[in-house]
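Here is a short report on one protein model.

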Amino acid sequence: MAETLLTGAAPAKINLSLEVLGRREDGYHEIDTILQTLALADGVTVVLDGDHEGVAVSGRYASSTPADASNLAFRAAELLVKRIGRTHERLLIRLDKAIPPAGGLGGGASDAATVLRLLGGHWGVSETLLLQVANEVGSDEAALVLGGTVRARGRGDQVALLPSIAGHDVVLFIPPDTIDQKTPRMFAALAGLPFDSGSVSELAATRQFFSSVDIYNSFE
(Lines give C-alpha, C1' and ligand atoms only; values in the text may rest on other atoms or scores of the structure.)
Protein backbone atom coordinates (compact mmCIF):
# COMPACT_ATOMS: atom_id res chain seq x y z
CA MET A 1 0.00 0.00 0.00
CA ALA A 2 1.37 3.41 -0.97
CA GLU A 3 1.95 5.91 1.79
CA THR A 4 -0.52 8.74 2.35
CA LEU A 5 0.63 12.28 3.23
CA LEU A 6 -1.66 14.68 5.09
CA THR A 7 -0.30 18.20 5.62
CA GLY A 8 -1.54 21.26 7.47
CA ALA A 9 -0.59 24.29 9.56
CA ALA A 10 -0.84 24.27 13.35
CA PRO A 11 -1.39 27.93 14.29
CA ALA A 12 -0.22 29.57 17.48
CA LYS A 13 -2.89 31.16 19.68
CA ILE A 14 -3.13 34.09 22.03
CA ASN A 15 -5.70 34.67 24.77
CA LEU A 16 -7.52 37.93 24.12
CA SER A 17 -9.22 37.50 27.46
CA LEU A 18 -8.43 34.93 30.15
CA GLU A 19 -10.43 34.90 33.36
CA VAL A 20 -10.01 32.34 36.12
CA LEU A 21 -13.36 31.90 37.87
CA GLY A 22 -12.45 29.45 40.62
CA ARG A 23 -11.06 26.05 41.47
CA ARG A 24 -13.01 22.96 40.44
CA GLU A 25 -13.55 19.77 42.42
CA ASP A 26 -11.55 17.83 39.82
CA GLY A 27 -8.46 19.93 40.58
CA TYR A 28 -8.65 22.06 37.43
CA HIS A 29 -9.62 25.72 37.43
CA GLU A 30 -12.81 27.06 35.86
CA ILE A 31 -11.89 29.52 33.12
CA ASP A 32 -13.61 31.80 30.64
CA THR A 33 -11.34 32.77 27.78
CA ILE A 34 -11.40 33.99 24.22
CA LEU A 35 -8.63 32.60 22.05
CA GLN A 36 -7.46 33.80 18.67
CA THR A 37 -5.31 31.77 16.31
CA LEU A 38 -2.43 33.52 14.53
CA ALA A 39 -0.62 33.30 11.21
CA LEU A 40 2.47 32.00 13.06
CA ALA A 41 2.25 28.22 12.79
CA ASP A 42 4.08 24.93 13.02
CA GLY A 43 4.07 22.73 9.96
CA VAL A 44 2.46 19.30 10.44
CA THR A 45 2.67 16.27 8.17
CA VAL A 46 1.03 12.95 8.97
CA VAL A 47 2.37 9.96 7.03
CA LEU A 48 0.18 6.86 6.90
CA ASP A 49 1.46 3.48 5.74
CA GLY A 50 5.01 4.76 5.27
CA ASP A 51 8.32 3.17 6.20
CA HIS A 52 8.52 4.70 9.69
CA GLU A 53 6.32 5.53 12.65
CA GLY A 54 6.55 7.82 15.65
CA VAL A 55 7.41 11.51 15.76
CA ALA A 56 10.08 13.41 13.81
CA VAL A 57 10.79 17.00 14.84
CA SER A 58 12.66 19.75 12.99
CA GLY A 59 12.72 23.54 12.95
CA ARG A 60 13.88 26.38 15.15
CA TYR A 61 12.28 25.04 18.34
CA ALA A 62 12.80 21.33 17.74
CA SER A 63 15.03 20.83 20.79
CA SER A 64 12.21 21.64 23.23
CA THR A 65 9.70 19.27 21.61
CA PRO A 66 9.43 15.60 22.64
CA ALA A 67 9.96 13.21 19.76
CA ASP A 68 8.41 10.15 21.37
CA ALA A 69 5.03 8.80 22.44
CA SER A 70 4.67 11.56 25.06
CA ASN A 71 4.25 14.14 22.28
CA LEU A 72 0.72 15.56 22.39
CA ALA A 73 0.24 15.15 18.65
CA PHE A 74 1.14 11.47 18.79
CA ARG A 75 -1.10 10.94 21.83
CA ALA A 76 -3.96 12.61 19.96
CA ALA A 77 -3.49 10.29 16.98
CA GLU A 78 -3.40 7.20 19.19
CA LEU A 79 -6.54 8.25 21.05
CA LEU A 80 -8.43 8.87 17.81
CA VAL A 81 -7.37 5.52 16.35
CA LYS A 82 -8.59 3.82 19.53
CA ARG A 83 -11.90 5.72 19.68
CA ILE A 84 -12.92 4.89 16.12
CA GLY A 85 -11.65 1.31 16.27
CA ARG A 86 -9.30 1.50 13.34
CA THR A 87 -6.41 -0.82 12.68
CA HIS A 88 -3.30 1.01 13.80
CA GLU A 89 -1.69 1.88 10.49
CA ARG A 90 1.99 2.74 10.56
CA LEU A 91 1.80 6.42 11.42
CA LEU A 92 4.53 9.04 11.41
CA ILE A 93 4.04 12.64 12.51
CA ARG A 94 6.52 15.24 11.25
CA LEU A 95 6.56 18.57 13.07
CA ASP A 96 8.37 21.66 11.81
CA LYS A 97 8.45 23.75 15.00
CA ALA A 98 8.16 27.52 14.48
CA ILE A 99 6.13 28.34 17.62
CA PRO A 100 8.22 29.23 20.70
CA PRO A 101 7.60 26.79 23.58
CA ALA A 102 6.15 27.51 27.03
CA GLY A 103 5.03 31.00 26.07
CA GLY A 104 1.27 30.52 26.25
CA LEU A 105 1.07 30.18 22.46
CA GLY A 106 -0.30 26.65 22.44
CA GLY A 107 2.21 25.08 20.07
CA GLY A 108 1.96 21.50 21.36
CA ALA A 109 -1.81 21.68 21.71
CA SER A 110 -2.15 23.07 18.21
CA ASP A 111 0.02 20.29 16.77
CA ALA A 112 -2.33 17.78 18.42
CA ALA A 113 -5.44 19.59 17.18
CA THR A 114 -4.08 19.74 13.64
CA VAL A 115 -3.31 16.02 13.64
CA LEU A 116 -6.91 15.40 14.74
CA ARG A 117 -8.25 17.64 11.96
CA LEU A 118 -6.09 15.97 9.33
CA LEU A 119 -6.93 12.42 10.36
CA GLY A 120 -10.57 13.33 10.94
CA GLY A 121 -10.88 14.73 7.45
CA HIS A 122 -9.13 11.73 5.93
CA TRP A 123 -11.20 9.17 7.83
CA GLY A 124 -14.53 11.05 7.84
CA VAL A 125 -14.70 11.59 11.60
CA SER A 126 -17.33 14.00 12.91
CA GLU A 127 -16.33 17.28 14.52
CA THR A 128 -18.18 16.21 17.67
CA LEU A 129 -15.97 13.17 18.08
CA LEU A 130 -12.84 15.15 17.26
CA LEU A 131 -13.71 17.61 20.04
CA GLN A 132 -14.27 14.75 22.47
CA VAL A 133 -10.86 13.29 21.68
CA ALA A 134 -9.27 16.75 21.85
CA ASN A 135 -10.62 17.17 25.39
CA GLU A 136 -9.04 13.85 26.37
CA VAL A 137 -5.66 15.19 25.21
CA GLY A 138 -5.72 18.54 27.05
CA SER A 139 -7.46 21.82 27.75
CA ASP A 140 -6.60 23.99 24.70
CA GLU A 141 -6.95 21.32 22.03
CA ALA A 142 -10.70 21.61 21.48
CA ALA A 143 -10.53 25.36 20.82
CA LEU A 144 -7.66 24.77 18.40
CA VAL A 145 -9.61 22.09 16.53
CA LEU A 146 -12.11 24.85 15.74
CA GLY A 147 -9.51 27.58 15.14
CA GLY A 148 -10.18 31.28 14.51
CA THR A 149 -11.86 33.24 17.31
CA VAL A 150 -13.13 30.85 19.98
CA ARG A 151 -14.64 31.17 23.44
CA ALA A 152 -13.67 28.38 25.84
CA ARG A 153 -15.18 27.73 29.25
CA GLY A 154 -15.09 25.02 31.89
CA ARG A 155 -11.51 23.80 31.97
CA GLY A 156 -11.33 24.77 28.29
CA ASP A 157 -13.48 21.88 27.11
CA GLN A 158 -16.67 23.87 26.42
CA VAL A 159 -15.97 25.69 23.16
CA ALA A 160 -17.95 27.92 20.82
CA LEU A 161 -16.80 29.50 17.58
CA LEU A 162 -17.26 33.30 17.54
CA PRO A 163 -17.41 35.67 14.55
CA SER A 164 -13.90 36.39 13.31
CA ILE A 165 -12.42 39.63 14.56
CA ALA A 166 -10.85 42.10 12.16
CA GLY A 167 -7.26 41.47 11.15
CA HIS A 168 -4.61 42.72 13.57
CA ASP A 169 -0.85 42.76 13.67
CA VAL A 170 0.52 41.05 16.78
CA VAL A 171 3.93 41.58 18.35
CA LEU A 172 5.12 38.65 20.47
CA PHE A 173 7.74 39.21 23.16
CA ILE A 174 9.25 35.82 23.92
CA PRO A 175 11.35 35.46 27.11
CA PRO A 176 14.69 33.72 26.57
CA ASP A 177 14.04 31.31 29.45
CA THR A 178 11.14 28.97 30.18
CA ILE A 179 9.50 27.99 33.45
CA ASP A 180 9.45 24.33 34.46
CA GLN A 181 5.90 23.08 35.06
CA LYS A 182 4.70 26.50 33.95
CA THR A 183 0.95 25.92 33.83
CA PRO A 184 0.46 24.35 37.30
CA ARG A 185 2.84 26.87 38.84
CA MET A 186 1.01 29.80 37.29
CA PHE A 187 -2.37 28.56 38.53
CA ALA A 188 -0.92 27.87 41.98
CA ALA A 189 0.28 31.47 42.10
CA LEU A 190 -3.35 32.62 41.97
CA ALA A 191 -4.09 31.03 45.35
CA GLY A 192 -5.37 33.61 47.82
CA LEU A 193 -6.18 36.16 45.12
CA PRO A 194 -9.75 37.11 44.13
CA PHE A 195 -11.12 35.10 41.23
CA ASP A 196 -12.67 36.74 38.16
CA SER A 197 -16.36 37.05 37.36
CA GLY A 198 -16.29 36.19 33.66
CA SER A 199 -17.70 39.60 32.75
CA VAL A 200 -14.79 40.55 30.48
CA SER A 201 -15.12 37.46 28.30
CA GLU A 202 -18.91 37.70 28.28
CA LEU A 203 -18.76 41.27 27.02
CA ALA A 204 -16.09 40.45 24.44
CA ALA A 205 -18.16 37.53 23.16
CA THR A 206 -21.20 39.70 22.54
CA ARG A 207 -19.55 42.58 20.74
CA GLN A 208 -16.72 43.04 18.27
CA PHE A 209 -14.12 44.84 20.35
CA PHE A 210 -10.80 45.63 19.93
CA SER A 211 -8.54 48.08 21.58
CA SER A 212 -5.67 47.38 23.94
CA VAL A 213 -7.83 48.12 26.98
CA ASP A 214 -10.19 45.27 26.08
CA ILE A 215 -7.46 42.67 26.53
CA TYR A 216 -7.42 41.03 29.98
CA ASN A 217 -5.45 38.16 31.48
CA SER A 218 -5.71 36.93 35.08
CA PHE A 219 -2.04 36.04 35.14
CA GLU A 220 -0.96 39.65 34.66
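## Lining of the largest cavity

E2 gives the most, with three residues. The model is predicted.

What is the make-up of the lining by class? Four of the residues are nonpolar and four are polar. Rolling a probe the size of a water molecule over the atoms shows where empty space is left.

## Salt bridges of Arg 151

Side chains of opposite charge can pair when their charged atoms come close. The structure holds eight salt bridges. Arg 151 takes part in a salt bridge with Asp 32, at 2.8 Å from N to O. This pair links distant parts of the chain. Arg 151 is in strand E5 (residues 149-154), and Asp 32 is in strand E2, 119 residues apart.

Are these two partners buried or exposed? Arg 151 counts as buried because its relative accessibility is 8%, under the 20% cut-off. Asp 32 is buried too, with a relative accessible area of 5%.

Arg 151 also meets Glu 202 in a salt bridge, at 2.9 Å from N to O. Here again the pair links distant parts of the chain: Arg 151 in strand E5 and Glu 202 in helix H6 (residues 199-206), 51 residues apart. Glu 202 has 37% relative accessibility, so Glu 202 counts as partly exposed.

## Other salt bridges

Salt bridges that share partners join Arg 24, Asp 26 and Glu 30 into one network.

Asp 42 forms a salt bridge with Lys 97. The closest N and O atoms of this pair are 2.5 Å apart. The two residues come from distant parts of the chain, 55 residues apart. Asp 42 is in strand E2. Lys 97 is in the loop between strand E4 (91-96) and helix H2 (107-123). Both Asp 42 and Lys 97 are buried.

## A nonpolar surface patch

Which residues form a nonpolar patch on the surface? They are Leu 40, Val 170, Leu 172 and Ile 174. Together they have about 270 Å² of accessible area.

Take Val 170 as one of them. Val 170 lies in the loop between strand E6 (158-161) and helix H5 (182-188). Val 170 counts as partly exposed because its relative accessibility is 41%, between the 20% and 50% cut-offs.

Glu 19 lies in strand E1 (residues 4-23). Glu 19 has a relative accessible area of 2%, so Glu 19 is buried. Glu 19 and Ile 34 are 15 residues apart in sequence. In space they are 9.2 Å apart, C-alpha to C-alpha.

Val 20 also lies in strand E1. Val 20 is buried, because its relative accessible area is 1%. The C-alpha atoms of Val 20 and Leu 130 are separated by 26 Å. Along the chain, Val 20 and Leu 130 are 110 residues apart.

## Two loop residues

Where is Ser 64 placed? Ser 64 is in the loop between strand E3 (54-58) and helix H1 (72-84). With a relative accessible area of 40%, Ser 64 is partly exposed. The C-alpha atoms of Ser 64 and Gln 158 are separated by 29 Å. Those two residues are 94 residues apart along the chain.

Glu 53 lies in the loop between E2 and E3. Glu 53 counts as partly exposed, at 48% relative accessibility. From C-alpha to C-alpha, Glu 53 and Arg 23 are 39 Å apart. In sequence, Glu 53 and Arg 23 are 30 residues apart.

Key
Residues are numbered from 1 along each chain as its sequence is written. This is a predicted model: local features need pLDDT of at least 70, side-chain atom pairs count only at pLDDT 80 or more; totals for chains, interfaces and linings use all residues. Side-chain values use heavy atoms; hydrogens and water are left out. Patches are made of residues with over 30% relative accessible area and no salt bridge: like charges are joined within 9 Å, nonpolar side chains (Val, Leu, Ile, Met, Phe, Trp, Tyr) within 5 Å. Accessible areas come from the Shrake-Rupley method with a 1.4 Å probe; for residues, only the protein chains shown count as cover. A salt bridge is a side-chain nitrogen of Lys or Arg within 4 Å of a carboxyl oxygen of Asp or Glu. Helices (H or I, at least four residues) and strands (E, at least two) are DSSP runs, numbered from the N terminus. Buried means under 20% relative accessible area, exposed over 50%, partly exposed in between (1.4 Å probe, protein chains only). Ala, Val, Leu, Ile, Met, Phe, Trp, Tyr, Cys and Pro count as nonpolar, Asp, Glu, Lys and Arg as charged, and the others, Gly among them, as polar.
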